[in-house]
Amino acid sequence: MIQQNRKIVFNVLLVLILSLLCISLNNKATASNKIVNPQQVYTYEIMTNDILKLARKYPNLIEYKSLGKTKYGRTIWAVKLGKGSTNVFINGSHHAREWLTTNLNMKMIEEYAISYSNNTYIGPYHTKSILNNTSIWFVPMVNPDGVTLQQFGLNAFPSFMHSNLLKMNDGNTNFKRWKANLDGIDLNRQYNTGWSTIKSNVSRPYYMNHKGTSPAQTNETKILVDFTYEIKPEIAVSYHSAGRILYWNYKTPTQNYDRDYELAKEVSNLTNYSLVPLNPNPSGGGYTDWFIQTFKKPALTPEISYYPGETNPPLSVFNEEWSRNRTVGLHVAKRGYELAAKNYKKVNYYITTFKNVTLYNTPSTISKTSSIIKPQSLKVTREYDNWLEINTWLGPKWIKTSNYIKGKEELYNQPITLTQKTTLYNSPMGSKTHNSLGAQQVKATTKINDWYKIKTWLGDKWINPQNAIIGTVEKINTDIQLIEKVNLFDLPFAKYKKSTALNPQKVHAVAKWNDWYQINTWLGPKWITPKYVINGTINTINEEINLIEKVTLYNQPFTDFKTSAVLNAQKVHVVAEWNNWYKVNTWLGYKWIKPKYIIDGNIEKFNTKITLVDQITLYNQPFEDFKTKASINPQTISAIAKWNDWYQINTWLGPKWIKPKNLIIGDIEVIEEQITLVDKQYLYNQPFEGFRENSAVNPQTITAIAKWNNWYKINTWLGPKWINPEYLITGNVQVINEAVILQKTTDLYNQPFEDFKTSTSIAPQTIVAIEKWNNWYKINTWLGTKWIKAD
């Protein structure tokens with residue numbers, strides 16, 4: 001038994017050990033799947049190799065490019081992470097001994113790429129959404145020569161360079177304190193902002209603080225300046241070490257202060273780095289100093305790590321610094337997109353190009369790509385200065401605002417009648433040919449604005465016709481009334497005006513195009529374009545209408561013919577009508593009115609009780625616009641007038657109008673009558689469909705206590721309710737015992753109504769009826785009791 005227990009314990013322990021081993025192996029496998037290992041002396045060669053691997057692993061998200069080489073042949077690499085046309089820029093290792101910032105740059109690239117691919121969040125930031133809007137550009141190592149010297153010392157360089165390097169390092173063979181590039185120039189003192197007044201400058205090439213003999217004299221600085229102009233980032237972040245502080249201001253313009261301070265506070269809260277207090281006389285020459293002054297945009301210089309002295313921060317500090325800076329790149333990218341949105345104008349229109357157009361990654365000539373778009377219509381989404389953003393198969397790209405016209409080429413299968421000589425063009429961009437067309441009809445295939453593409457003997461050409469009839473001339477056969485003098489035209493264009501005119505009269509129109517009418521005259525067919533025309537017939541009527549408010553008088557049925565006279569609310573006699581205009585006889589002769597509200601016909605005198613079954617709003621006039629704030633509750637009331645569905649009643653406010661949806665007109669008849677329900681009947685609170693309850697009564701004989709139209713009121717367990725039976729046996733069913741002689745085959749019914757006919761009948765015979773209602777008889781059959789209808 002003891003031996004068996006030992007065996008069980010041994011097996012359990014073995015399973016636990018194997019499980020822990022598997023977990024350990026899985027963790028190692030996960031770690032080994034990552035490319036970047038920041039827990040090492042991160043060399044230029046390792047960085048270069050990792051960039052290539054990352055681009056291969058994430059081909060749709062990561063791009064890289066060479067920005068050029070240092071004086072000593074090392075490539076300065078730029079890495080693009082993201083798909084947006086808005087850019088932000090992060091760089092590291094301006095100073096050689098600060099190469100841990102390269103580790104941080106590379107860690108950001110990989111972790112953000114993993115999160116994007118897995119569609120996850122890093123902190124509160126949804127990586128995919130941010131990187132679809134914004135691209136983060138990284139230059140992880142600005143100073144690869146200096147970094148290599150700091151990490152490996154003299155052995156990394158040819159012996160002929162040693163003496164000069166030692167000289168710049170005060171003869172010291174330990175280069176761990178080195179900050180400059182290989183020529184002893186401090187790259188972060190090389191930018192052309194405040195360069196001439198840089199403080200604590202060392203006058204000769206040195207391991208630190210020598211600003212050089214002129215700004216941007218080094219390859220590294222020139223490359224970074226050119227690249228910044230190329231990508232035009234919304235925000236720049238230049239990582240340095242050490243001190244866990246954050247620089248953010250260099251003579252920042254007053255109008256940008258609040259914006260930049262807000263961003264700096266946000267990043268300070270993320271990293272827990274202290275904001276550097278403002279210096280009224282800053283030194284200058286730094287990358288972010290230059291960026292703030294040149295682009296008038298925010299830039300940050302985070303100094304990672306505690307101060308380790310004149311050397312690189314130890315690798316042991318990396319995890320802490322990554323924890324502090326893990327979300328900085330995403331936050332900067334998000335804020336960059338928000339800033340760009342303020343500078344870029346969102347639009348939504350089409351342009352059409354007629355030449356090949358070069359694409360740019362950003363609105364900058366330096367960001368030119370090798371891709372072009374062939375002539376086509378393109379949708380524009382944003383504008384910036386003289387640049388347009390368009391959607392392409394490569395994602396959002398920018399083009400210059402030239403070689404296009406605004407508008408979309410659209411199919412247009414319509415005839416065009418040319419009335420004069422018309423030049424042919426290769427495109428609507430003004431590329432005129434030496435050919436033209438005379439007056440004739442042509443057919444357009446597509447159009448852009450006022451340009452039309454047609455087929456010619458020279459192939460597809462464009463025309464911009466003047467005085468042309470575009471589209472189809474509509475054939476009509478209509479009388480129109482001219483109310484003022486109009487000129488005659490040979491064609492429907494101003495230049496074809498004749499010296500002849502027509503006085504006001506009725507004319508017959510045979511064709512119409514736009515606002516032009518073709519009529520037959522003594523001079524032959526001519527065109528007119530009357531400003532005011534009465535189309536069709538003026539209807540002669542003889543009708544009374546009630547005006548309920550003051551109306552203006554017009555000489556003609558058009559608003560431009562307004563007089564200064566008015567009619568007050570009254571009943572008037574109408575002699576003619578056209579398009580909601582009414583002709584009336586006034587003390588000034590015949591005039592036209594266009595009342596917004598009219599009561600046509602007579603208001604019916606009405607002296608009838610009406611029962612309101614729900615709360616009803618009161619109106620001053622029988623139109624919705626005359627609604628008052630008052631209402632009346634359900635009740636029976638006398639109506640004194642009726643018009644359409646409106647009823648006039650007397651109220652405590654005087655006569656008012658109501659428009660009840662459900663209305664009991666007349667008296668509800670009080671009855672006490674036996675009724676027999678032959679099918680299930682729903683109960684209603686009021687005698688209208690909208691008042692139905694979920695309860696019902698089954699077929700039965702019941703006493704009705706009131707009646708209105710086809711509705712009956714009955715007492716139920718729920719109190720008095722209404723029913724609306726389609727089939728109803730009213731009164732008493734007479735009990736009889738009477739022989740009925742059937743002379744022919746007779747149909748059987750389940751109830752004494754035609755709709756209840758069965759498929760069964762009985763042969764001629766004498767049969768005993770047991771009940772009678774109207775001319776129906778109830779009989780016993782082999783199917784039970786049924787009804788027959790006596791002839």
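On a 1 Å grid over the protein atoms alone, a pocket is an open set of points where a 1.4 Å probe fits, with protein on both sides within 12 Å along at least five of seven lines, and its lining residues have an atom within 4 Å of a point. The model is predicted, so local features need pLDDT of at least 70 and side-chain atom pairs pLDDT 80 or more, while totals for chains, interfaces and linings use all residues. Residues are numbered from 1 along each chain as its sequence is written, and side-chain values use heavy atoms, without hydrogens and water.

**The largest pocket**
- Its lining is made of 39 residues, and Asn188, Tyr247, Ser283, Asp289 and Glu303 lie nearest the centre.
- The largest pocket has a volume of about 930 Å³, where volume means the space filled by probe spheres set on grid points joined across faces, edges and corners.

**The second largest pocket**
- This pocket holds about 390 Å³ of space.
- Among its 24 lining residues, Glu63, Lys80, Asn361, Leu394 and Lys397 lie nearest the centre.
- Strand β1 gives the largest share of this lining, four residues; strands here are DSSP runs (E, at least two residues), numbered from the N terminus.

**A look at Leu547**
- Leu547 sits in strand β33, residues 539–547.
- Leaving out residues up to four places away in sequence, Leu547 touches residues including Leu567, Val572 and Ile598; contact means heavy atoms within 4.5 Å.
- From Leu547 to Thr301 is 246 residues in sequence and 78 Å in space, C-alpha to C-alpha.
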